[in-house]
Structures are given as structure tokens and as C-alpha cells.
Amino acid sequence: MSDIVMPRLSDTMEEGTILRWLKRDGEEVKRGEELVEIETDKATMTYESDQSGTLQTLAQEGATLAVGELIARIGAAQGAAAPEAPAAPQAPAAQGAAAPQQPAAAAQAPAAAAQAPAASVPTPAARTPAPDRPDEGGRVKASPLARRIASQRGVELRSLSGSGPGGRIVKADVVSFAGEANAPAAVQGGAAAPARPDGAGAAVPIATVDGVSTAKGESTTVELSRTQQTIARRMAESRATIPDFITQMDVDMQECVKLRTELKGLTQRETVPGAGAQQPPTYNDMILKACALALREHPRANASYRDGRLLLHSRVNVGVAVAARDALIVPTVFDADEKSLGEIARETRALSEKVRAGTITPPELGGGTFTVSNLGMYGVKSFSAIINPPQVAILSVGALEPRAVARDGELVIRETMTLTLACDHRVLYGADAALLLARVRELLQAPSALTL
């Protein structure tokens, strides 16, 4: 039989979650057929079989396994599993060696029970530790989620019996054991907290969450998806390792408003009947194009910082932060400096639709050299986004709104927007950030260059 392991479906993938098997256990599989849906750190991917034969699934749906761990086997035919049959008696043989000791232990148990005092009768929480099941690295086989929950609740993994594939300890095993261990304590301690000796104060309702008493009421534990876990890890790494600073500039967007109005009328006139209305470029598309042109002139901001070295990139690939369901996904517009404003508009719209539909692919999420994040549509005037490592800068876009500004000694109303640039101070300095942001502002205040 051929082993199928958890594949590496993205350059940052460390583990994946089996969402759904597309073929049943024992079913014939052909090479190239879709086999399983896997949730990675970036997206949900369908993995195709590279073998033909009979499927034997080893990982359950919902299980999270590290890259390289065994998830299934495929045999050449229905009888392909026969060669492995001799290996099965090894487990009973091992049990058979210990079998003669069981009657002796059973015979000694009544005598021991007669001599022991009544107080020594084990409580329901007591459990005989299961034999160690170390994996190849010397650790007990357990999913990452099970390890985290066990660490939080003080559960020793070696005392559990795993119900997962190959005896692997999964979340349900830890939660079940923790619940059993806390149940007797709750019974012994009473259903309610003891009253204060002085009788002062009203009783506070106590709720139970996973066997732990809390005064916060009922709580629901929500497990993070692989994408959410990756976002949390990368953003924590960014804050912990990047000495960032921010610069801000207000941009007069009056000319961009005029340009978009003209383009909107032009696209409406060119709409083909039955093909749907064309959409004009958004202000975010204009900002993305302006950033791409500015990055071409300031290559130090179009770089990556790794191991004390600066990598200058020849391509300007701008990532666009898109709000998905319970996540923030950043697809990439490649070679944005070489694309027209219309091309950028169509591409960003298509990428956003893929993100919201959950059909975005890892290649469309990688390769970014700079990121634009926009919260202006939510009325946010300004904010500072977190740099996406190994990139060295990110631009935050605030709301477009009419503001009173001074022009030629007079107070006038202009459509204005605040841009915030966060930079990695190991690579960019104050003057670098100011020059880059000033160039972006210059392009937006005279946007004819964006249409070239």
C-alpha cells in the first residue's frame, strides 16, 4: 500500500485540518480524482490523489495533523491490505504476555480491598494511567489542539487513552477526561458556594464552563480556524519582532473624485447590453495604483527583511486586505505598477469575490511586497495597521470626507482622506517614509498619471 501524508499546500503551512473526505473508506480511487478537502493556514484546498487503488482513511474528519503525518493509505486492489495482516497479531501477542498476570491481580484484589480502610475506595475521577504511546519524536501522540487544551486544564496527556487514528489523543479525549475529573469535586463541594459568615451581600450566581466555575455566566468556547490561528500567530510575531513607527498625511482627494465621476460615466456608456454593468475603479484602486508607482521610485519600501538582510524585489506586488467571514485575507495584485487602473479594478474585484466565496487559492495570496488596508468604508478616519512580515511597510486608508481646509487664504470644503504608513524601522527611516507617503499624495492629488 502507498501512504498518503498531510501535504504542504502553501509555503507557510505547518499543519492542516481534514474537513471532508470526498471518497469513502474502502472505495476505489483513481489517480487525479479529488480525495479530501483540507483547511490550511490560508484557504480551504482540495487535494487530488496521486495513486490509484482502494482507499483506507486513517485520519478522521475534523482532525488536525502536522505536514507529513499519515492521513490515509491506498492499495493497488481490494486485497492489497492482506500483506499487512500478519502485523495485526503483534498487539494481541503483547496482551497475551500480560494475560497470565491478570488472574493473579484479580485474586489479590479482594484481599487488598478487605485490608484497606473504606476511605481508600477510589473515586469516579480516578483513572488508571494508560501506557505511554510515544510518537517518533518521543512525545505522546496528540493533536496540537489537544495539547493546548491539556496544558490549559492541567491534564497529563500520558494518562489518557487516545480515540483518534493510531491511538492519537484528540480534543474530545482531553475535554472528556477534564469533565470527569472535575465532576466529583463539584459533588463533594456542594452545588452552591458557601454563604459568607457575616451574611453580608447577595449570592452571586455561579455558572460552570467546561467544569470550571465562573461568575461570568454561560460561556461558549469557539475554536479558531486554521486561517484565524495563522493570522493570530503572524500578527503576534509582527508586534513582538518589528520595531515599527507610523507617519500620517492628509490627502486632498477632490481631483480623484472628479476622475472617478468621469470614469463612472464612461463605463456606463460602454456597457454592453446583457453583459452586465461595468464598474468604475474605486478610490482604493486609485490608492493601490499610486502606491505601486511610488514603490517603483522608492524600492527600499518594496523589500523584505530576513535574518539581518534586506531583500530588494524587482516586482511590485501589492496586497489588498479583504474582510472575509471571521478572518482578514490579503490577496495579491502582481506587477501592479505595470497594470492600468482598469486592470487593477477588475482584478481586485475578482479577488475580493473569491475571498468571500472561499475559492481563493494560495498562489493568489502569496508573493506580496506591500499591503494596503482600507477601513474608510466603515467611517474610520485613521488607523495604524500591523505590518505583514516579512514586508517592511503597510498603508492604512481612512474615510473620504468633506473637510474645511485653507486654500489661498480662504476656508474651503475639500474631499479629504488621511493615509497612515507603518514602517519597519530596521529598514525604513523617517525621511524614507515621508518621501514615499508624499509621492503617494502627489499622485492622488494629480491623478491623471494613474490612468496612463
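Across the whole structure, a search turns up 18 salt bridges, a salt bridge being a side-chain nitrogen of Lys or Arg within 4 Å of a carboxyl oxygen of Asp or Glu. Keep in mind that this is a predicted model, where local features need pLDDT of at least 70, side-chain atom pairs count only at pLDDT 80 or more, and totals for chains, interfaces and linings use all residues. Residues are numbered from 1 along each chain as its sequence is written, and side-chain values use heavy atoms, with hydrogens and water left out.

Start with D3, which pairs with R73, their closest N and O atoms sitting 3.1 Å apart. This one links distant parts of the chain: D3 belongs to strand β1 (residues 2–5) and R73 to strand β8 (residues 70–75), 70 residues apart. Strands here are DSSP runs of E, at least two residues, and helices are runs of H or I, at least four, numbered from the N terminus. D3 is partly exposed, at 49% relative accessible area; buried means under 20%, exposed over 50%, and partly exposed in between, using a 1.4 Å probe and protein chains only.

Next, look at D250 and R403, whose side chains meet in a salt bridge at 3.4 Å, N to O. D250 lies in strand β11 (residues 244–252) and R403 in strand β20 (residues 401–407), so the pair ties together parts 153 residues apart in sequence. D250 is partly exposed at 44%, while R403 is buried at 12%. Then there's R426 with D424, a salt bridge at 2.8 Å, N to O. Here R426 is partly exposed at 33%, and D424 is buried at 0%.

Now for the nonpolar side. A nonpolar core is a set of buried Ala, Val, Leu, Ile, Met, Phe, Trp, Tyr and Cys residues joined through side-chain atoms within 4.5 Å. The largest one has 51 residues, and I287, V318, F370, L395, L419, L421 and L444 touch the most other members. Helix α7 (residues 283–297) supplies the largest share of this core, 9 residues. Apart from it lies another core of 17 residues, including V29, A63, L65 and A72. Back at F370, contacts (heavy atoms within 4.5 Å) include C291, L295, V318, L395 and L421, leaving aside residues up to four places away in sequence.

And the cysteines? The search finds 0 disulfides, meaning pairs of cysteine sulfur atoms within 2.5 Å. C256 is buried at 0% relative accessible area, and C423 is buried at 0% too.
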